[in-house]
Amino acid sequence: MEREQIFTQAVGRLHSEGSRREFMRLAGLLGGALVLANCGDDDNGTGPGNQNVTLNFAQAIDVLKYAFALEALEADFYTKVVANGSFNTAFSSASERTLLTDIRDHEVAHREFFKAAITANGGTPPTLSTKYPSSVDFASRTSVLATAKTFEDLGVSAYNGAARYLASAANVGLLTIAGKVVSVEARHASAIRDLISPNTDAFANVSDIASIGAVEANGLDAKASPAAVLAAAQPFINQTITATGL
Amino acid sequence: MNTKNVMDLIDPSEQKKIFARRDAIRAGVTAGLAMGSLPMVLAAMAKTAGAQGTTPSVNDVLNFALTLEYLEAEFYNIATGAAGQAFPATYAGPNAVFTGAGAGTQAVFNEIAKHENAHVALLRAALGGAAVAKPRFDFTGGKGATTNGKFNGPFADVYTNPGTFLALAQAFEDTGVRAYKGGAQFLISNVPVLETALQIHSIEARHASKVRRIRGEKGWITGRTNTLPMQAQGVYGQGSPASTYPAEDNVTQATINVSTLAGTAGVNAATEAFDEPLDVATVNAIAGLFIY
């Protein structure tokens, strides 16, 4: 449970007067490079700690928030996997435990990086909390690996599908960062798939994820729109996340 | 209220002028531009990328990718017999790549070969008449020199020793991931091409992860640990310039030191969690070991 506290961030309040002042202050720090019209609805709250989130993909900082949300979900999942009382019995192989612990550490690093990047650019990471459908059994190797596969393939599809929102000279640095992360997610996906179906073509045969844009016949990995990715992630996140500016 | 990135509305030649300046942000402000993009930390990287001087065209990047895919496809086709490839008389044989290499290894490489051949076809179709021809490869690394009709480079046992084959496969896959990652920035003018390149990029990463794991390594790259032969030491090293193309032991992303952020697991996790791009020249130097 303590991880959920880490998972939770302060909520942006760009619509309050105080926040408007804060925004103007930040805009000044940023050399006046932002225009107020860019200020998307980051929250239309339904109550303290349960603010829904609207991401405007016309602005790069909201692409960062999108990445943060997905990484926070993955980090939360693997943290719960490794912390589960049945971890050592569900995963009797030490090498499998190391693999899952490594992935947890990577997802936490991604989450913390995006959080820091959002903050460094004058934004506020959205407040999010997770939930898991009853089908996710943290004490079951089969269930954990199936959920992990879903998350990793979805993560790959998300970054590949978000690149178009960073395809400008001004955002090319962020595009490269996204590239640095997505290949690690793909490495995870490969390893998880290989644990499920060892030493077959499963590590890279993406014919089973055509629904999120993969084309096995052309050797092309998944690529999905933020709307599709968020719809798939929504069952795991308490707050409603809406994509605009697509 | 969506404000399109103003840079998108600017004539490309004007953009080039702006990014030729040392500080893209300052240029934008001076010109009275409002940039609907990340102004600080991440834009600093755009400056670096834009200051490269010679910017490859989309076709340049695709041909660069095609050359790597030709290399990978032929390398695997020889091993698997895919695409009707007979075992060439110029290599020491018989082909023993999958002998004692573990259950399912051939299925793994059949899948990889299928993808690389698909990538070649895709890139050739995209480039049409502009596609470069397939170069001559010598996977022993000997630039085509022979002894008794067999390539005699340092990897003369590439198809008779599974260990050599797997090491080169890892070098090619991890280099391929870095190459596509480095090339993506030059494809922003063509979103469909950019997306296709990225879809290939992450497939290569799936390959790399599996090949590494067959070799008993982690699927991800820790620091710049390199278990590959001496000739492939550059695979995890820095490119040029190192500020844009750091070695795989880099822990700083967009000026943020990931290894020291609260809650993270330190240096190894920070290096593993981010793969690094590589520039065209450095990739070509690695691939060039096998082209004559």
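**Figure 1. Helix H6 (residues 105-127) and helix H8 (residues 191-214) of chain B cross at roughly 160 degrees, with their axes coming within 11 Å.** Welcome to a predicted model, in which local features need pLDDT of at least 70, side-chain atom pairs count only at pLDDT 80 or more, and totals for chains, interfaces and linings use all residues. Residues are numbered from 1 along each chain as its sequence is written, while chains are lettered from A and ligands numbered from 1 in the order in which they are written. Helices (H or I, at least four residues) and strands (E, at least two) are DSSP runs, numbered from the N terminus. Axes are lines fitted to C-alpha atoms, for helices over the stretch in contact, and angles run from 0 to 180 degrees between N-to-C directions. The crossing angle of these two helices means that H6(B) is roughly antiparallel to H8(B) (over 145 degrees; under 35 is roughly parallel, 65 to 115 roughly perpendicular, the rest oblique). Their crossing is left-handed, a word used if the near helix is turned anticlockwise from the far one by less than a right angle, with clockwise giving right-handed.

**Figure 2. Here are the residues where H6(B) and H8(B) meet.** From H6(B) come B:Thr105, B:Val108, B:Ile112, B:His115, B:His119 and B:Ala126. Facing them from H8(B) are B:Val193, B:Ile200, B:Ile203, B:His207, B:Lys210 and B:Ile214. Residues are in contact if their C-beta atoms, placed from the backbone, lie within 7 Å. Sorted by class, this contact of H6(B) with H8(B) holds seven nonpolar, four polar and one charged residues. Nonpolar covers Ala, Val, Leu, Ile, Met, Phe, Trp, Tyr, Cys and Pro, charged covers Asp, Glu, Lys and Arg, and the others, Gly among them, are polar.

**Figure 3. In chain A, H3(A) (residues 60-83) and helix H6 (residues 141-162) pack at an angle of about 165 degrees.** Their axes are 11 Å apart, and the angle makes H3(A) roughly antiparallel to H6(A). H3(A) passes H6(A) in a left-handed crossing. On the H3(A) side you can find A:Val63, A:Tyr66, A:Leu70, A:Glu74, A:Phe77 and A:Val81. H6(A) brings A:Val144, A:Thr147, A:Phe151, A:Gly155, A:Ala158 and A:Ala162 to the contact. By class, the contact of H3(A) with H6(A) has nine nonpolar, two polar and one charged residues.

**Figure 4. A:Leu166 and A:Ala178 have the most contacts inside the largest nonpolar core, a set of 146 residues.** Helix H3 of chain A supplies the largest share of this core, with 15 residues. A nonpolar core is a set of buried Ala, Val, Leu, Ile, Met, Phe, Trp, Tyr and Cys residues joined through C-beta atoms within 7 Å. A residue is buried if 20 or more other C-beta atoms lie within 10 Å of its own, exposed if 12 or fewer, and partly exposed in between, with C-beta atoms placed from the backbone. Leaving out residues up to four places away in sequence, A:Leu166 touches A:Ala60, A:Val63, A:Asn171, A:Leu174, A:Leu175 and A:Ala178.

**Figure 5. A:Glu216 sits in the loop between helix H7 (172-196) and helix H8 (226-233) of chain A.** This residue counts as buried because it has 20 C-beta neighbours inside 10 Å. A:Glu216 and A:Val206 are 10 residues apart in sequence, and their C-alpha atoms are 5.4 Å apart in space. Not counting residues up to four places away in sequence, A:Glu216 touches A:Asn205, A:Val206 and A:Ser207.

Figure 6. B:Pro94 is found in the loop between helix H5 (58-80) and H6 of chain B. Look for B:Pro241 in the loop between H8 and strand E3 (252-253) of chain B.

**Figure 7. B:Lys143 and B:Thr255 are non-glycine residues with a positive phi.** For B:Lys143, phi is about 60 degrees. B:Lys143 lies in the loop between H6 and strand E1 (146-147) of chain B, and it is partly exposed, with 14 other C-beta atoms within 10 Å. For B:Thr255, phi is near 70 degrees. The loop between E3 and strand E4 (256-257) of chain B holds B:Thr255, which is partly exposed, with 13 other C-beta atoms within 10 Å.

Terms used. Contact = placed C-beta atoms within 7 Å.
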